[in-house]
Amino acid sequence: MLAFFFTGSLTLNAQEGFPFKLPKEKPDRELSAAMERNYTQYMAPRPEHNELYTQFKYTELKGFDYNGYDGTISRRDPSKVIFENGKYYVWYTYRNTPTKPQGAKKSNDSIPSADWDLSEIWYATSTDGFTWEEQGVAIPRPPKPNIGWRSVSTADILKFKGKYYLYYQGFMEASGKRGDDCPVAVSYADSPDGPWTPYNKIAVNNGKEGEWDQYSIHDPHPFVYKDKIYLYYKSDFDGDPKLVRMSGLAISKNPLGPFEKCPLNPVINSGHETVMFPFKEGMAAMVLKDGNEHFTIQYAEDGINFEIASIVEMMPGAPGPFVPDAFNSNGNGRGITWGISHLSPAFSWKHGMSILMRFDCDLSLDVHDAEMKRHEVYHMNPEYFYKHGLSGKQLQRIKKANEQLKNKNHN
Ligand code: AAL
């Protein structure tokens, strides 16, 4: 059957209907914006064949005790996972405080303001990625007035010329007192088991006054890319009233800096915790909650200009993927298949603690797991939806609208 389409000047031209068999390549015909996008924006016209589309699966980890989940022990914001000395390593924020977080006002030297306050960076190892052995502290809180004396959190690992570097958020006051403000600090070691030497100087500075990242440099995420250190990070800004979260990039030839901020920052307009991995000649990113482009996987051929590559669901929280080629992708990034993430808050705001879990996916050029490329996650549990119910205020609004409708009907 002939179909007609409007050209720019609204004249009608005829072409055959779109074929039943979805062409693998962009067909030579007039296309709607949506079909143009389906062949230009994504790596394949169907998600099943899109290497940057995936579902996520979750597994409970063995080896971590949370003191009966009473809020006094919390583990969150895991680093990338690396494989060294025949085993996997992961670093994370570890809080063990007499009480659960009580907010900035009630916080003091032993009462935390937030889940990542009064914390240290601990690490664990595993031979299979499911059962972990907690090794203890890697980065303790340094003595006052050093960077991070109040809390050190949200670390990530870099291996460069045979040495190891941990970048982390260094708080000089309880989070929430002025905001979640902190710069990034760094410590280095000859082995992933430490000992770690603090550099005791700021590694990635806050932006200048009035700039988007003037207050917080969060979630430092370093890679070796194009023979330099590409460190992605997140910042919170605008605050009108809610904060927006976007990601930026800082580049250096030397792990201890100086880091130059990318003049195009922010390079990702959405997301929360930063999660990147080398992919083909570029960098891919998992863009989590927050922002117009939340729950997308994005790709930048140059590591800077990110475009949406797929839309996904049930994304992991603060994922730390196992990135085998994080420090030596040499322009041929192979992608990822699993990692450690957190659920925060794990049970309720009342508990105020987080747990670590394992996520699996297929964002790899070397794995073709059709199960991970399915279209929909079936929740099949009405409670899962009813738990996200209407507030009293919303019920009031609906009740009022119903009454207005009835009154209009009577008049
Ligand atoms: C996380 C991360 C950073 C923030 C806080 C702890 O989601 O973005 O680490 O500071 O929340």
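Predicted model: local features only at pLDDT ≥ 70, side-chain atom pairs only at ≥ 80, totals over all residues.

Mentor: The ligand takes up the space of the largest pocket. Around the ligand you'll find R76, D77, W116, T154, Q169, D180, H218, D219, K234, H272 and E273. A side-chain N or O atom of D180 is 2.6 Å from a ligand oxygen, and for D219 a polar side-chain atom lies 2.7 Å from an oxygen of the ligand. With H272, the distance from a side-chain N or O atom to a ligand oxygen is 3.3 Å. On its own the ligand would expose 280 Å², and the protein buries 96% of that.

Now for R76, which is part of strand 4 (residues 73–76). Side chains in a regular strand alternate between the sheet's two faces. Here, S74 and R76 point one way while I73 and R75 point the other, and all are buried. Strand 4 runs antiparallel to strand 6 (residues 87–96), with 4 bridges joining them; S74, for one, has R95 as its bridge partner.

K234 takes us to another sheet region. It sits in strand 14 (residues 228–237), which is joined to the antiparallel strand 15 (residues 244–252) by 9 bridges, and S247 of strand 15 stands opposite K234. These belong to an open, antiparallel sheet of 4 strands, ordered 13-14-15-16. Strand 13 (218–225) and strand 16 (260–261) each have a single partner strand, so one side of each has no neighbour in the sheet.

Note on methods:
Residues numbered from 1 in each chain as written. Heavy atoms only, no water. Buried < 20%, exposed > 50% of the residue type's maximum accessible area, 1.4 Å probe, protein only. Helix = DSSP H or I, 4+ residues; strand = E, 2+ residues; numbered from the N terminus. Pairing = 2+ DSSP bridges. Near = heavy atom within 4 Å. Polar contact = N/O pair within 3.5 Å; in protein donor to acceptor, adjacent residues only side chain to side chain. Areas by Shrake-Rupley, 256 points an atom, 1.4 Å probe, with all protein chains shown as cover. 1 Å grid on protein atoms, 1.4 Å probe; cavity = no way out; pocket = protein on both sides within 12 Å on 5 of 7 lines; lining within 4 Å. Sits in = over half its atoms within 2 Å of the grid points.
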